[in-house]
Structure formats: C-alpha cells, structure tokens
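Have a look at the sequence and the structure first.

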Amino acid sequence: MATKPSNHNLNVFRKPLALFSQSPMTGFYRDGYCRTGPEDGGNHAVAGLLTKEFLDFSASRGNNLRSVPGLKEGCKWCLCTARWKEAMEAAKTNEDPVVPKVFLHATDESALNNGVTMDTLKKYAAEPEAPGGGGSLEKKAPITPGTKEGIAKETH
C-alpha cells in the first residue's frame, strides 16, 4: 500500500506539516515527518524532544525506545499520541521532564483526534508559535516520503 504524501498532512495549526528530524530519521514512515496514515495504529503524530525521564517511562510501559539505533535523550522523535498523553497524565507538574516538549508545527493534526487538546499541546510547546505555522524544523531539503518497507516497528 502506498503512503499518503507528507505535503498533504497538516499540523495542529492546519498548515503544512513541518519536517521534524532526519537524524535520527523519525516518523512512522521513517521520512522525517510525524505524519500518520492508515497503517499507523499507534498514531505517531506528536513531535517531541526526548528526555531521559520519558525514555524511562516509555520503557516501563513496554516500549524501550533506546533499542532504536541512535535514539537517546535530546533526540527529536515522533511519539505515539497515547504514550505522550499517558506521560502527561503521570506528570507531577507542567515542568515535569517525563513529558517531552512538543514542536507544534511538526505535530500532525491527527493528535487532536486522539485525546489531546490544542491547549494541552500548547502547555508543552517547545517553540513559540510562528506566524504562518509551517516550514521545516530541520535545515535540510525535504525528502520523498517512504514506502511501507520503511514503516516503524515499535511495540505499544
């Protein structure tokens, strides 16, 4: 099955989804975008900055992200919306590092259909809201979206 082109995905501002990270290559489709599609049962829509605390939290829930080559604290990674929400609900304060900061312009709008509100995402925003809402967070040329062979294999 072919994947949906990333230029058709919108971010939470309903603007074109920004490229998030190519190092490490992130996204369910491993194309650098936190875009989702019918094959993505985990809704890898939240563009987050990994913290040690979140990596520990995720591992304690059965998804050891450290098993992904090159993935560590400080990396940009497309997170499952439900796992990000779970971490947010477990947080003791808004500043608790268990909740990764979110890059709104690279977060797919589908996160808003999976139990997360815009107000909640804004509380954890990593960057200010830029006028026009979109663009690339990486200083690299966009890439052609992957195919089914590049789909992430993560447990939930």
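A residue is called buried when its relative accessible area is under 20%. Keep that in mind as we go, and remember that this is a predicted model.

Start with D31, which you'll find in the segment before β1 (46–49). Its relative accessible area is 0%, so D31 is buried. What does its side chain make a polar contact with? The partner is the side chain of R35, at 2.4 Å.

Now on to the aromatic rings, where the count comes to 3 aromatic pairs. One of them is F20 with F103: the ring centres are 5.3 Å apart and the planes meet at 55 degrees, so this pair is tilted. It ties together distant parts of the chain, with F20 in the segment before β1 and F103 in the loop between β3 (101–102) and α3 (118–123), 83 residues apart. Both F20 and F103 are buried.

Another pair is W84 with Y124, whose ring centres are 5.5 Å apart; planes over 60 degrees apart count as edge-to-face, and these are at 85 degrees, so the pair gets that label. Here too distant parts of the chain are linked: W84 sits in helix α2 (residues 81–90), Y124 in the segment after α3, and 40 residues separate them. W84 counts as buried because its relative accessibility is 0%, and Y124 counts as buried because its own value is 2%.

Finally, go back to F103. The charged end of K76 sits over the F103 ring, 5.1 Å from the ring's centre.

Terms used. Residues are numbered from 1 along each chain as its sequence is written. This is a predicted model: local features need pLDDT of at least 70, side-chain atom pairs count only at pLDDT 80 or more; totals for chains, interfaces and linings use all residues. Side-chain values use heavy atoms; hydrogens and water are left out. Helices (H or I, at least four residues) and strands (E, at least two) are DSSP runs, numbered from the N terminus. Buried means under 20% relative accessible area, exposed over 50%, partly exposed in between (1.4 Å probe, protein chains only). A polar contact is a pair of N or O atoms within 3.5 Å; within protein, one must be able to donate a hydrogen and the other to accept it, and residues adjacent in sequence count only if both atoms are side-chain atoms. Rings of Phe, Tyr and Trp (its six-membered ring) pair if their centres lie within 6.5 Å; planes under 30 degrees apart count as stacked, over 60 as edge-to-face and the rest as tilted. A charge sits over a ring if NZ of Lys or CZ of Arg is within 6 Å of the ring centre and within 35 degrees of the ring normal.
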